[in-house]
Amino acid sequence: MTIKLIHTHGEHLSVQAGGVELLRYVYRPDPVAFESRKPYVHPLRTLAGHQVTGYRPSDHRWHKGLQMTASHLSGQNFWGGNSYIPGEGYQELPERVGSMRHDGFPVLAVEDDRFTLAEDLTWVAYGGQEWAREQRGIIVHSVDEEAGAWVLDWTIKLTNLRDEPLHFGSPTTAGREMAGYTGLQWRGPRDFTGGAVFGPEGPDRAEGAEGADAGKLMGTQGPWLAFTAERDDVDAHSTLVFAHAPENLDASTAIHASHWFVRSEPIPTVAFSWAFFEEFALPPGESFAYRYRVVVADGAWDRDRVAAHLEALPW
């Protein structure tokens with residue numbers, strides 16, 4: 001299926017296929033600094049046009065579709081909203097909230113059935129200091145009408161610009177149990193609440209696992225995780241599959257172990273957490289990189305279907 005790009009310069013990119021806007025990449029930052037101003041993907045849609053991201057929900061205004069975050073970074077918050085302080089809980093501390101500045105698109109390319117984006121960004125602390133340089137990549141590919149699915153690949157290479165180490169953590173590394181959110185984060189729309197969540201292992205069920213099983217997957221490791229839900233307004237289900245590139249989970253190549261942050265209740269969210277249980281440090285001038293994949297699908301996929309589809313998608 002042919003992919004089309006519409007670029008509203010200075011605002012956003014719209015990637016479309018089959019008359020549907022599959023995603024909108026918004027790189028003009030939202031105005032509220034406390035929400036950590038940075039680019040994000042919203043809306044994200046299935047081939048049938050069903051939206052699978054939430055934006056500024058009432059419970060967390062800083063949750064915006066699919067976005068790169070860092071909840072605890074050397075005392076700064078590149079996630080947005082309240083900061084978790086050991087012994088004090090969540091505090092409203094605007095002076096801790098950083099931002100990610102869009103610096104340009106070295107690559108914007110459409111080749112029939114593939115869209116490729118390369119973006120330069122700078123991570124800026126609250127006081128204006130430039131802390132890190134990011135090279136981001138987004139690819140839309142494998143649009144499959146028969147399967148009712150398409151694929152988004154997201155890559156990050158982050159380089160420390162400071163003359164001291166950058167320390168990456170999460171609320172859990174600061175003392176809050178099983179709240180290790182950080183890294184690439186998805187927030188689902190309200191009707192994904194209570195949806196089914198499952199990974200490669202577990203009991204065989206026609207529609208994966210009950211939403212309560214999200215708690216069993218919280219803080220675990222695995223190559224992929226799927227989230228499926230019945231939709232409001234339309235008689236349909238949607239499924240999202242979140243997958244690691246092989247090197248992300250390879251102890252010999254990954255800078256730090258990744259774990260799943262996942263909730264189905266009270267809110268639907270998934271993050272590829274790179275610092276769930278333990279902090280890690282990035283020395284001055286050094287870089288780290290991760291590659292992620294999100295499959296956006298119509299229908300209630302089960303474990304076998306997810307596994308077969310991923311197997312047919314080479315990295």
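Modeller: Let us begin with a definition: two strands pair if DSSP finds at least two bridges between them. The strands themselves are DSSP runs of E with at least two residues, helices are runs of H or I with at least four, and both are numbered from the N terminus. This is a predicted model, in which local features need pLDDT of at least 70 and side-chain atom pairs count only at pLDDT 80 or more, while totals for chains, interfaces and linings use all residues. Residues are numbered from 1 along each chain as its sequence is written, and side-chain values use heavy atoms, with hydrogens and water left out.

Biologist: In which sense do strand S18 and S19 pair, and over how many bridges?

Modeller: Strands of a sheet pair through backbone hydrogen bonds, either parallel or antiparallel. Here S18 (residues 259-263) and S19 pair in the antiparallel sense, over 5 bridges.

Biologist: Why is S19 described as largely enclosed by the rest of the structure?

Modeller: A residue is buried under 20% relative accessible area, exposed over 50%, and partly exposed in between (1.4 Å probe, protein chains only). In S19 (residues 269-273), 5 of the 5 residues are buried, so the strand is largely enclosed by the rest of the structure. Both of its faces are covered: Thr 269, Ala 271 and Ser 273 are buried on one side, and Val 270 and Phe 272 on the other.

Biologist: What is the order of strands in the open sheet of 3 strands?

Modeller: The order is S6-S13-S20, with antiparallel pairing. S6 (72-73) and S20 (280-282) are the edge strands, each pairing on one side only. S6 and S13 (residues 166-169) share 2 bridges, and His 72 has Gly 169 in S13 as its bridge partner.

Biologist: Which residues of the largest nonpolar core touch the most other members?

Modeller: A nonpolar core is a set of buried Ala, Val, Leu, Ile, Met, Phe, Trp, Tyr and Cys residues joined through side-chain atoms within 4.5 Å. The largest one here has 61 residues, and those touching the most other members are Tyr 25, Trp 123, Trp 150, Phe 168, Phe 242 and Trp 274. Another core lies apart from it and has 13 residues, including Val 151 and Trp 301.

Biologist: How many aromatic pairs are there?

Modeller: A pair of aromatic rings is described by the distance of the centres and the angle of the planes. Rings of Phe, Tyr and Trp (its six-membered ring) pair if their centres lie within 6.5 Å; planes under 30 degrees apart count as stacked, over 60 as edge-to-face and the rest as tilted. The count by this rule is 25. In one of them, Phe 34 and Trp 62 are edge-to-face, at 6.3 Å centre to centre and 80 degrees between the planes. They lie 28 residues apart, Phe 34 in the loop between S3 (20-26) and S4 (40-44) and Trp 62 in the loop between S4 and S5 (66-69). Phe 198 and Trp 224 have ring centres 6.1 Å apart and planes at 90 degrees, so this pair is edge-to-face.

Biologist: Where does the charged end of Arg 293 sit?

Modeller: A charge sits over a ring if NZ of Lys or CZ of Arg is within 6 Å of the ring centre and within 35 degrees of the ring normal. The charged end of Arg 293 sits over the ring of Trp 315, at 3.9 Å from its centre. Arg 293 also forms a salt bridge with Asp 153, the closest N and O atoms being 2.7 Å apart; a salt bridge is a side-chain nitrogen of Lys or Arg within 4 Å of a carboxyl oxygen of Asp or Glu. Asp 153 is in strand S12 (residues 149-160) and Arg 293 in strand S21 (residues 287-298), 140 residues apart. Arg 293 is buried at 2% relative accessible area, and Asp 153 is buried at 9%.

Biologist: How many salt bridges are found in the whole structure?

Modeller: The search finds 15. Another joins Arg 190 to Asp 59, with closest N and O atoms 2.9 Å apart. Arg 190 lies in the loop between S14 and S15 and Asp 59 in the loop between S4 and S5, so the pair ties together parts 131 residues apart in sequence. Both partners are partly exposed, Arg 190 at 47% and Asp 59 at 29%.
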